[in-house]
Amino acid sequence: GKRINNAVNGALSNSKDDYTTTVDIMLKTIVTALLESDVNIKLVSQMRNNIKSKLMESKTASSSVTNAQTKKLIQETVFDELCNLVDYKSDQPFQPKKRQTNVIMFVGLQGSGKTTSCTKLAVYYSKRGFKVGLVCADTFRAGAFDQLKQNAIKAHIPFFGSYTEADPVKVAAEGIAKFKKEKFDIIIVDTSGRHRQEEELFKEMVEISNVVKPNQTIMVLDASIGQAAEQQSKAFKDSSDFGAIILTKMDGHAKGGGAISAVAATNTPIIFIGTGEHIHDFEKFSPKSFVSKLLGIGDIESLLEQFQTVSNKEDTKATMENIQQGKFTLLDFKKQMQTIMKMGPLSNIAQMIPGMGNLMSQVSEEETSQKMKKMVYVLDSMTKQELESDGRIFIDEPSRMVRVAKGSGTSVFEVEMILMQQQMMARMAKGAQGAGGMPGMGAMPG
Ligand code: GDP
Ligand code: MG
């Protein structure tokens with residue numbers, strides 16, 4: 001993301017009057033960055049062409065496009081194009097109904113996160129008033145049932161499985177029968193994802209599916225799988241015709257570009273993402289957040305959601321009100337920092353703040369926490385007037401930065417970095433206020 005923005009800035013200052021060259025340079029850099037994030041090469045080149053023709057159109061429409069306008073246009077176009085790719089809307093999204101049996105079957109390669117995601121989904125529905133049961137139809141791996149059982153017990157979800165039965169089809173059928181009889185609303189069937197031979201695995205999926213007759217089949221995909229996502233999801237689609245994807249391990253370094261190919265290759269939406277090993281590390285999929293992460297620009301929506309769950313209600317209220325009015329002061333930024341420090345695992349959270357993902361991704365948790373403490377010292381050294389401002393006061397009077405740097409034992413550069421981040425948040429707040437969404441890549445100042 002930062003790389004993309006830097007490239008955009010660089011290209012603009014280098015060739016001020018040659019629109020086409022500028023656009024080409026920018027596009028080339030964006031293309032490279034997307035390929036590095038595992039976005040499929042066909043999709044990237046398609047997108048490149050779309051963007052280029054849109055940009056050329058706008059050039060003809062207006063003969064005097066400024067560099068700033070070009071930059072904004074490119075940023076918005078890239079963001080929108082990526083959102084379109086990943087925001088696949090199915091005609092009939094699955095909605096479980098209470099007081100009838102809804103069967104959900106999980107498929108996906110071993111290790112992708114099926115067993116973990118099964119429990120997360122069970123908790124999700126159970127919180128919404130459904131009676132949910134888990135069935136372990138993985139008889140291939142010793143310990144598979146124990147794993148599901150432990151997860152289920154922790155989450156207080158009823159479960160079914162067998163230590164002795166070797167046939168997964170039989171276990172699945174028994175589990176369904178039991179929970180059906182007990183009038184469960186949702187029965188989630190976990191499968192193995194492994195076999196001595198791949199063909200056997202797909203055959204097994206078909207057999208289980210024929211018996212459990214799922215109302216929804218979900219494929220679980222590891223975000224770090226990269227380019228292999230396309231082949232893998234196609235293979236599962238052929239045998240299991242899943243109707244939804246859960247993308248796991250989005251908390252790691254993988255940006256999940258491969259998932260875009262999975263969506264495109266199977267015409268299937270991503271419905272949830274896994275963001276950690278714990279039951280609650282589970283979020284509804286949001287195309288905008290996904291693309292923001294892919295481009296490394298931070299994600300105000302999920303940040304605010306997390307922020308609300310942890311922080312002091314009164315503080316949050318004031319900040320939320322500010323954001324709704326399109327404002328984000330240094331004080332909001334400070335409160336947010338303090339909340340984030342309470343929230344822990346820092347590396348997770350920090351990635352959601354604009355600019356922080358890049359800043360923090362290469363360092364240890366301890367370093368991250370040190371950096372954040374420093375940021376709070378800087379903010380502590382500001383006056384009330386400064387904190388309640390939009391930050392421009394520092395640009396008008398740079399001597400204030402020197403004073404704050406001295407007072408906090410940091411450097412002017414560090415103060416500037418913080419101001420820059422607050423400015424990014426302020427821009428996002430402004431964008432979020434208007435369209436009800438975030439403004440995409442227009443987050444970098446300049
Ligand atoms: P399965 O073989 O498909 O059933 O996969 P599991 O559910 O057993 O998960 C494999 C490993 O990935 C386990 O160590 C999980 O804790 C881990 N895992 C699953 N989902 C996530 C996730 O969203 N984030 C992280 N960091 N780890 C995950
Ligand atoms: Mg499993």
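**Helices and sheet**

Author: Helix α8 (residues 198-212) lies across β1 (102-107), β4 and β5 (216-222), and runs at about 175 degrees to β1. Angles go from 0 to 180 degrees between N-to-C directions, with axes fitted to C-alpha atoms, for helices over the stretch in contact. Helices (H or I, at least four residues) and strands (E, at least two) are DSSP runs, numbered from the N terminus.

Reader: Before we go on, what kind of model is this?

Author: This is a predicted model: local features need pLDDT of at least 70, side-chain atom pairs count only at pLDDT 80 or more, and totals for chains, interfaces and linings use all residues. Residues are numbered from 1 along each chain as its sequence is written, while chains are lettered from A and ligands numbered from 1 in the order in which they are written.

Reader: OK. Is β1 mostly covered or mostly open?

Author: Mostly covered, with 6 of its 6 residues buried. Buried is 20 or more other C-beta atoms within 10 Å of a residue's own, exposed is 12 or fewer, partly exposed is in between, and C-beta atoms are placed from the backbone.

Reader: Which residues sit on each face of β1?

Author: Asn102, Ile104 and Phe106 are on one side, and Val103, Met105 and Val107 are on the other.

Reader: And how does β1 pair with β4 and with β5?

Author: β1 pairs with β4 in the parallel sense over 4 bridges, and with β5 also in the parallel sense over 4 bridges. Pairing needs at least two DSSP bridges between the two strands. Met105 stands opposite Val189 in β4, and Ile104 has Gln216 in β5 as its bridge partner.

Reader: What's the strand order of the sheet?

Author: The sheet is open, with 8 strands in the order β3-β2-β4-β1-β5-β6-β7-β8 and mixed pairing. β3 (159-160) and β8 (282-284) are at the edges with a single partner strand each, so one side of each has no neighbour in the sheet.

Reader: Which strands does α6 touch?

Author: Helix α6 (residues 144-155) packs on the sheet and touches β2, β3 and β4 (186-190). Contact takes C-beta atoms, placed from the backbone, within 7 Å.

Reader: Switching topic: which residues of α2 are buried?

Author: In α2, they are Thr22, Val23, Met26, Leu27, Ile30, Ala33 and Leu34. These cover an arc of only 125 degrees around the axis (taken from the directions from the helix axis to the C-beta atoms), which puts them on the same side of α2.

Reader: And which exposed residues are on the face turned away?

Author: Thr20, Thr21 and Glu36.

Definitions and conventions:
Two residues are in contact if their C-beta atoms, placed from the backbone, lie within 7 Å.
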